[in-house]
Structure formats: structure tokens, C-alpha cells
Amino acid sequence: MKRTPWKTAAVAAVAALALTACSSGGSGDAADPTASSTGPDTSPVTLNFTWWGNDDRAARYNEALALFKEKYPHITVQTSFAAFPDYWTARSTEAAGRALPDVMQFDLSYLREFNQNGQLLDLQEWVDNGTIDLEGFDETLTTAGVLEDKMIGIPTSTNTFAMFQNPNVIEQTGATFPDEASYTWEEYNDFIAEVSSSGEQTADGYALYGAVDYTGTFWFFIQWLLQKGVTPFEDDGSFGFDEADVVEFLELTGDLRTDKQVYPVDRNVSLAPKGGFTVNETATEMSWDNFLAGYVADSGTQNLAMTQIPSIEAGEKALFFKPSMLLSAGANTKYPEQAATLINFLLTDPEVGTIFGTSKGVPADADQRAAVDTTEGSVDAQVIAYEEAVAEQVTESTPIPVKGFGTIEAKWRTLAEELAYGSLTPDEFAEQWFAEAELSTQ
């Protein structure tokens, strides 16, 4: 994939404001609470660092942080992690008390919401003084973390949508997956029904299914809108779609829900944070391509495959590259320089690139990409090969989420669960979701 080196001057043009009063200690303390006239003070400090993810990601972070401790013995890092929904509940509570962690994984969907009240540290000062080195980054990628002239997040990696397959389940059920280059949503639904109707079970007696109900994920709706030629979010912060679009999307799997041919919602809820695919009870799952490492680790199955997603018109995927996650710092941190040091290490150290591979997406930093194990057949090689294979299908710009995106995404997920239980109709779903969205985006 073509990547343009990041240049400080280019981003400085759009993020030129100096850091102002982002620490609880005031503007003077925020600039550097530990610096001395002879250089950085190496007095012991403790940083809080948190992320969302599974045990596999935690193990990788712990390995990386052990290396960080060797290089910066005066900085102790206390860690925590949670499943994605719980993670943002905790961050919202902390933000209300201006007590966000010093460093945290961040998602593009929540940047506007947390930036609104100055909750995130402007990292531009630490880029300008060399604490954070973005020389090996794509210039356009780093702008994803710039809002209102402040660099409040730096992308760690990129990803795009893929269809994951479990060939063992597919073979057991005797189903045939459609042609990945041209199959439509309707053809994918036919495949789901074929697997779910097979009557096959796991060794533990659980029925095998084709997939979970993919309409329960808001980002898949966004992808489907792009395939329709609809701009999901307008520049003025309004929606480019209406209730009819929501209903049409939800009805894609209406027959599958009626015939109970999607993975049972009660079983899926009981398995959280895992799901049907990670316990080898569904044949396929659509998700971000960097999920491959986690899927392999959680399922214990090396034999997983990645193919292209379905489309409305045959072959017209309308894919986009999205920063898989960013690293940010809380504006309330007492140690902004040390927080920036940790961020730089996690973003640019080659050994960290080797540790994580593509488990968080294809690394944004050139040195980390070069350090990824691309042994033929490895997880990392598969993810990189997939992104190269679909590069020509990446025809859309990354949709910039509206203010309150995290809230409306969570509302979509909640309503989707009620829809799966049969507690409401697609029309009621659309009405209730828009009512919430209008409040959240004001």
C-alpha cells in the first residue's frame, strides 16, 4: 500500500495551537512537570494506561510494557482493560470527573464527544519537541486525530472490513460460500440459511449457524449506505440517511430472523465478550480485518480465512480504510511528557511492531510495519495480503462520525438486541433510534 511520510510542518499547519491549561496543575505545570535545567527529570512517576480488547491483546500489551520499563525504569505503568461497550461506560464516568487515564486507546467514533469539553490532551507540543516521532506515518492518516486544530489522538494502525470464514464449520455443514468477488447481500443470506438449516452441531451439542445477524452492527449499516451511494454524515453534522434507509437495512435479514436462521441472541449474550464465531459455532463473521489475531486466539482455530464482504451491486464493495484505533492522553494528566513518551514508544518502537503484528490493524509507523512477521501463512501476512488484495475496492473516504456517535452506536446495538428477541419491529427500531440520535447529536 502506498503511504506518504508524515511531515511535521504539514500537520502543524492544521494543529498549530499550543497546549493550554490541559493539566489540572494549570498551563505552567502542564508543559513539563518534571523537567529540570539539565534535562528531563527521571524521578519515579506512575501512569495509568487502559485499552479495550481480549486476553490476547492484554498479553501483547504486557509484553510491550515490559520492554518500556527496561528503557524507562523511572516510569511505572498501571494497566486495565475491558470489553468495548464497558470500556466507554468507564471512560464517560471518568470524563465527568475529569479523571481520565493518563494514556488510553481511543476510537475515532468518540473523538468529537470527548474533545467537546477539552477532555483530551493536545499532543502537538510533544510532536513539535520530538517526544513523539511521526516521521514514519502517512501524512493523511494523522489528520484523523486532529479536531479543532488540536491533535488529540494518533492512529496506531489501519483496517477495513473483511468476511471471516471458519472452513471447518462450512465443510461440516456441506455449505458452499459464494464467489467473494461478486456475491451480494442476498447471496450471503442464502449461505447463512444453508448453514443454519444443516442440522449439524458442535461436539458439545450446540447447533451450527451461518452467522450472527449482521444488521445489529451500526458500522455495517454505514458500509451498506456507502454501497448505495449515500453519504452517511454530512459536513454540517447531520445525517445523510433517513428512517426508511434504516428499515431497509434491517429488513435484509428479516426472513432469517423469522425463520430463526441467525445465531441465537440469548446464546450470543451469554458468551459476551466472545461470540458465536469465536467459539466455533458460526461459519462466518464480518468485522475489521485486524480481528484475525483475536479470532485465532479466542477460537483456538488456526484454519480461518478472510474474504471480501458482500455488496449491493456485484463487485462494487465501496470499502474504506479506517484508523483501527488511536492513542490519546487525558488532559488531566499530571505527567504529559511521560504520557507522550509512552505513546511514542507504543507507536514507533520496532519491537512493539513485532509483538502486535497486525492484531490492532496494519501498523501506521513504517518501522513497525517493517518489523511485522510476514512469514507465509502467518496471521500478519494474511492481514497485510488481504488489504493489498482489496486496495482497488477502497474507493471511499473514511466517514467522519458525528458528535455523540458513541451514544448512537450503543443505542443501535441495544435496539438490535431487542429486535432479535422480537420485542420491536424494524419501524419501531428506526423511530426510537432517530429519537435518541437527535438528542445525542445536538
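**Entry 1: overall form.** How does the radius of gyration of the protein stand against that of a compact globule with 442 residues? I found 22 Å for the protein, which agrees with the value near 22 Å for such a globule. The radius is taken over C-alpha atoms, and the globule rule is 2.2 Å times the number of residues to the power 0.38. Along the principal axes, the C-alpha atoms fill a box of roughly 75 × 50 × 40 Å.

**Entry 2: ground rules.** I note that this is a predicted model, in which local features need pLDDT of at least 70, side-chain atom pairs count only at pLDDT 80 or more, and totals for chains, interfaces and linings use all residues. Residues are numbered from 1 along each chain as its sequence is written, and side-chain values use heavy atoms, with hydrogens and water left out.

**Entry 3: confidence.** I looked up the pLDDT, the predictor's confidence in each residue from 0 to 100. The protein averages 89, and 90% of the residues score at least 70. Over residues 1-37 the pLDDT is below 50, although this stretch has 78 contacts in the model beyond near neighbours in sequence; a contact means heavy atoms within 4.5 Å. Where pLDDT is low, the predicted coordinates should not be read in detail.

**Entry 4: composition and cover.** I recorded 20 helices and 13 strands. These are DSSP runs numbered from the N terminus, with helices (H or I) of at least four residues and strands (E) of at least two. Of the 442 residues, 54% count as buried; buried means under 20% relative accessible area, exposed over 50%, and partly exposed in between (1.4 Å probe, protein chains only). Among contacts between residues at least 6 apart in sequence, 75% join residues at least 24 apart.

**Entry 5: helix H10.** How many of the eleven residues of helix H10 are buried? I found ten, in a helix that spans residues 218-228 and is mostly covered. The buried residues include Phe 218, Trp 219, Phe 220, Trp 224 and Gln 227. Just after H10, Gly 229 takes a positive phi of about 85 degrees.

**Entry 6: Asn 290.** I located Asn 290 in the loop between strand S10 (284-288) and helix H14 (292-299). Asn 290 counts as buried because its relative accessible area is 3%. Leaving aside neighbours within four places in sequence, Asn 290 is in contact with Arg 57, Asn 159, Ser 324, Thr 358, Ser 359, Lys 360 and Gly 361. From Phe 220 of H10, Asn 290 is 70 residues away in sequence and 16 Å away in space, C-alpha to C-alpha.

**Entry 7: Gln 116.** I placed Gln 116 in the loop between helix H5 (111-115) and helix H6 (124-128). With a relative accessible area of 47%, Gln 116 is partly exposed. Gln 116 and Leu 147 lie 31 residues apart in sequence and 9.6 Å apart in space, C-alpha to C-alpha.

**Entry 8: backbone exceptions.** Most residues other than glycine have a negative phi, and most peptide bonds are trans. I noted a cis peptide bond between Ala 272 and Pro 273, with omega about 10 degrees; Pro 273 is in the loop between helix H13 (265-271) and S10. Is Glu 148 buried or exposed? I found Glu 148 exposed, at 60% relative accessibility, in the loop between strands S6 (146-147) and S7 (150-151), with a positive phi of about 50 degrees. Ala 318 has a positive phi of about 55 degrees but counts as buried at 9%; its loop runs between strands S11 (305-307) and S12 (322-329).
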